Amino acid sequence: MLDSPAKPLILDGIAPGDIPYDDLMAGQRPVILKGLARNWPLVQAGLNSPKAAMDDLLRYYQGRPVTAYTGAPDIGGRFFYNDDVTAMNFKGERVALNDFLAQVHDHLNHPAPPSFYLGSTDLSLYLPGLRDDNDLILNHPMFEANPPLASIWIGNRTTATCHFDMSHNLAVCVAGRRRFTLFPPDQVHNLYPGPLEPTPGGQVVSMVDFRKPDFERFPRFRDALAQAQVAEMEPGDVLFYPALWWHHVEALEPFNILINYWWNTSAAFMDTPWTTLLHGMLSLRDRPEPEKAAWRELFDYYIFGPSEVPAAHLPEAARGPLAPLDPLMARRLRAQILQKLNR
């Protein structure tokens, strides 16, 4: 798809306790920490064989059903919509992890297997103890108030269609190989996002089939490709990418495991901006252009500009929500918003 794609910065020889968090957050770009998790027992099991990795996983499993997804062989691992975008091209069901892994194992050597996918499954809830034996050293003050959530992704040759997350991410390639194709947030205009709902995995996805892009239907996708970064990952590699970066994720082997760590640096009492965007559709999007232009100026002043400017000329006692947000003011604002929405 890309003749000579750009690649993320690669940092080699980083010790497990020396992840350069400040540099990663300041750079706001994808970075591969080469081989950082190579010594994890689960990584080593996967290097031995898929069966060894499966057996190692099941040592921690205590029987809670997981949500697994299956697609027909003809989807080629691309979990997406059906042809008329009215439903998904796969089905989900609650199953025992050992049964799911047995299905994957039974199809390891099949030339055209069904697509098997278990996504974003909480480690502590479903595989207690695994993180004690296989974990990144997260020794930075920013994690004291907001510790990362750790999730596991398991399957065969599958594709998570290009989407974005609202959290920062450290993605650990545990078994198999992964290819991440990443785009900065400003490429949303060129990625042709799909419906807001339903979505294949809870997030809006690009409608472009990266395997065979239709440039007549999606001509601006060429511009997105010019900005893409492609991260080729081997077992033990860790990829950092910032919040809101679009990423298209391909699992490249008959059996693959990925563990990722999500975190936010904003205070936990802050609402998600996605709610603001949805309300903007309700209140702003279809207004006359002169009004939209005026509101854009107001948003630039109150929201997107320097946060201290709107309150700088006011006495401290009169600043209200223009002052730095704290939990009490967040509750008051939330109550005001709910009251206005319910009128």
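A charge sits over a ring if NZ of Lys or CZ of Arg is within 6 Å of the ring centre and within 35 degrees of the ring normal. Arginine 64 lies over the face of tyrosine 126, at 5.8 Å from the ring centre. The model is predicted. A search of the whole structure finds 19 aromatic pairs.

**Charges over rings**
- Arginine 64 is placed over tyrosine 126, with 5.8 Å to the ring centre.
- Arginine 222 has its charged end over the ring of phenylalanine 215. The distance to the centre of that ring is 3.8 Å.

**The pair of phenylalanine 79 and tyrosine 117**
- The ring centres of phenylalanine 79 and tyrosine 117 lie 5.1 Å apart.
- Their planes meet at 35°, so the pair counts as tilted.
- This pair links distant parts of the chain, 38 residues apart.
- Phenylalanine 79 belongs to strand S4 (residues 78-79), and tyrosine 117 to strand S6 (residues 115-122).
- Both phenylalanine 79 and tyrosine 117 are buried.

**The pair of tyrosine 301 and tyrosine 302**
- Tyrosine 301 and tyrosine 302 form an edge-to-face aromatic pair.
- Their rings are 4.8 Å apart, centre to centre, with 85° between the planes.
- Tyrosine 301 is partly exposed, because its relative accessibility is 35%.
- Tyrosine 302 has a relative accessible area of 45%, so it is partly exposed.

**Ring cluster**
- Ring pairs join Tyr69, Phe79, Phe90, Tyr117, Trp153 and Trp262 into a cluster.
- Phe79 and Tyr117, the tilted pair described above, are among the members of this cluster.

Technical notes. Residues are numbered from 1 along each chain as its sequence is written. This is a predicted model: local features need pLDDT of at least 70, side-chain atom pairs count only at pLDDT 80 or more; totals for chains, interfaces and linings use all residues. Side-chain values use heavy atoms; hydrogens and water are left out. Rings of Phe, Tyr and Trp (its six-membered ring) pair if their centres lie within 6.5 Å; planes under 30 degrees apart count as stacked, over 60 as edge-to-face and the rest as tilted. Helices (H or I, at least four residues) and strands (E, at least two) are DSSP runs, numbered from the N terminus. Buried means under 20% relative accessible area, exposed over 50%, partly exposed in between (1.4 Å probe, protein chains only).
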